[in-house]
Every structure is written in C-alpha cells, then in structure tokens.
Amino acid sequence: QVQLVESGGGLVQAGGSLRVSCVASGSIFRVKTMGWYRQAPGKQRELVANITSDGSTNYADSVKGRFTISRDNAQNTVFLEMNSLKPDDTATYYCNARIVNTYSGTRDYWGKGTLVTVSS
C-alpha cells in the first residue's frame, strides 16, 4: 500500500505566495518522478511541474518563473512553491508520483488533492 498526502493549500490574494507539500509513504522501494497537476472547475487536469529523482525539472509554460518544484528524496516529499499567484491558478492541486512498490512493481500514484484559491 502506497499513499500520497498533500498539504498546504488554502486561500491567498492575487500576487501572494503559497507552498504545497506531498509526502509518499507505505511499501516504497523507490520513488521516481514526482509532480504536481491541477484541475480547475470545468477544465481538464493539467501538468503543473514535475521533478525526476536526480533533480531535473519540467514546468508548464503558464507557471514558469513563478512556481518552483523541489523534493527531499530522504523524506519522499515533493514541494511546490507558488509565487505571484493569479486567480487563474485557482484549482485543486494533485500530487503524482511514479513509485516502485516493494511488492507490486512500478505504477503511478495520486494524492486526493489540495485546494488552492486565489482571490482577485
């Protein structure tokens, strides 16, 4: 059993900052790429940013220069630092991780999501 648990969402004014975190726990042999996706009401889920186990990062064009993804491999944790937030960033943010499970091999896991609301 593997779980991803997000934390840190909330309400922030436009221009403000917020940091969300996600911890992976359970029968983990190895954590590969970790990332953040978001889904706004009425829209499809989209990639925000991801980071490989050796620290290579990838960002959606809409967040480049404003968001920073990082991870703590020892703690199986991924962070997303969000600055200069805009109302368009309002969404539920989901953590994703590709994990080698001790017993059942490699697959993608998802957290339940954390809501980020940016007021204008």
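Author: A word on terms before the details: two strands pair if DSSP finds at least two bridges between them, and strands (E, at least two residues) are DSSP runs numbered from the N terminus. This is a predicted model, in which local features need pLDDT of at least 70, side-chain atom pairs count only at pLDDT 80 or more, and totals for chains, interfaces and linings use all residues. Residues are numbered from 1 along each chain as its sequence is written, and side-chain values use heavy atoms, with hydrogens and water left out.
Reader: Okay, in which sense do strand 4 and strand 5 pair?
Author: Strand 4 (residues 28-39) and strand 5 (residues 46-51) are antiparallel, with 5 bridges, and Tyr37 faces Leu47 of strand 5 across the pairing. Their hairpin has 6 residues between the strands, and Gly42 there has a positive phi near 80°.
Reader: And how many bridges join strand 5 to strand 6?
Author: There are 3, again in an antiparallel arrangement, with strand 6 covering residues 57-59; Ile51 sits opposite Thr57. In this hairpin, with 5 residues between the strands, Gly55 adopts a positive phi near 95°.
Reader: Switching topic, which cysteines does a disulfide join?
Author: Cys22 and Cys95 are joined, S to S 2.1 Å, where a disulfide means a pair of cysteine sulfur atoms within 2.5 Å. Cys22 lies in strand 3 (residues 18-26) and Cys95 in strand 9 (residues 91-101), 73 residues apart, so that the pair links distant parts of the chain.

Definitions and conventions:
Helix = DSSP H or I, 4+ residues; strand = E, 2+ residues; numbered from the N terminus.
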